[in-house]
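Dear colleague,

Please find below the structure that I am handing over to you.

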Amino acid sequence: MQAWRVHTHGEPREAMRLDEVPEPRPGEGEVKLRVLAANVNFPDALLCRGQYQIRPPLPFTPGVEICGETEDGRRVIANPALPHGGFAEYVTAPAAALLPAPDALDDAEAAALHIGYQTGWFGLHRRARLQAGETLLVHAAAGGVGSAAVQLGKAAGATVVGVVGGKAKARTAEELGCDLVVDRRSEDVVARVKEFTGGRGADVVYDPVGGDAYAASAKCVAFEGRIVVVGFAGGTVPTPALNHALVKNYAILGLHWGLYATKDPASVLACHTELTRLATEGAIKPLVSERVPLAGAADAVQRVADGTTTGRVVVVPGAAAGAPEEETR
């Protein structure tokens, strides 16, 4: 089969190489899956660079979430067992962790439902306890992680402010349903949020960016507000001033979604049940901006790493360039 492998750490476009390799053999408690679609995540770029918290032995195949097909024909969502990641024709995955792919979503959408939406749901509901009527500020609102948080926030009855970089991403955030879109490249985020909220600020901030985004969040978070730290896609890990959190009376909440899979796996299944319900009702739907063939995976990971994409870019093995996803089933 064909699989992208990283032989030496580096930027995805240079580090990833399309190889002909044997099909993976499932170990104890694992199943073999045919990859229907593999979603591109920012951690895939970190894996290529050797900067992720997990460092699989070289060579390895990146790709941390897929929609796949079991040998008996079931469509499932899975996190492949590294070093045999999802940018390949076949993978192995833990059988106990397989989740049914919602019928309301096609393969590419189902592949993009898992990590980003689970992270958003746990961040907004388990960590920040978002309430209907509150104001939610989402950084990188047009990206894969941010767009999921926007949809989940709207589904929860929140007023959503989306921060983006550039006019094209601003249009995407508007289409997602943001009540206010702020272009950080041409507008003052703090001033716009305070103006929009009558000086109160945002009750909940969802931050997958870090750096300057976090600094702005601390300046416009409301009394008893909550800042959810999801990641550092901007490349800079902030150093919060705890005296500032004390004086303004806000909370800084960390979120590592992967811990729930090990410490509270039942909550992951319960979350998936809720996400499936929301998808069936049309309240959420992964924003898949591109479906690319397997040959385009390295370029796709690089573009996600560079922050030039909107929504989700999904690799569909066997698809012709530009072909609708449904034609590849």
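Predicted model: local features only at pLDDT ≥ 70, side-chain atom pairs only at ≥ 80, totals over all residues.

Residues are numbered from 1 along each chain as its sequence is written, and side-chain values use heavy atoms, with hydrogens and water left out.

Overall fold. The protein contains twelve helices and 15 strands (DSSP runs numbered from the N terminus: H or I of at least four residues for helices, E of at least two for strands). The C-alpha trace spans about 60 × 40 × 40 Å along its principal axes. Of the 329 residues, 54% count as buried, that is, under 20% relative accessible area with a 1.4 Å probe, protein chains only.

Helix 2. In this helix (residues 42-49) the buried residues are Asp-44, Ala-45, Leu-46, Leu-47 and Cys-48. They pack against strand 1 (2-6), helix 1 (12-15), strand 2 (16-20), strand 3 (30-39) and helix 12 (297-306). Gly-50, which follows helix 2, has a positive phi near 75°.

Helix 4. Ten of the 13 residues of helix 4 (residues 115-127) are buried, among them Tyr-117, Trp-121 and Phe-122. Just after helix 4, Arg-129 has a positive phi of about 55°.

Ala-141. This residue sits in the loop between strand 8 (135-139) and helix 5 (144-155). Ala-141 counts as buried because its relative accessibility is 0%. Beyond its neighbours within four places in sequence, Ala-141 has contacts (heavy atoms within 4.5 Å) that include Gly-146, Val-150, Val-163 and Cys-178.

Second largest pocket. About 190 Å³ of space lies in this pocket. It is lined by 16 residues, of which Arg-5, Val-21, Pro-22, Thr-61 and His-84 are the closest to its centre. A pocket here is an open set of points on a 1 Å grid where a 1.4 Å probe fits, with protein on both sides within 12 Å along at least five of seven lines; lining residues have an atom within 4 Å of a point. The volume is the space filled by probe spheres set on the points.

Yours sincerely

How values were computed. Buried < 20%, exposed > 50% of the residue type's maximum accessible area, 1.4 Å probe, protein only.
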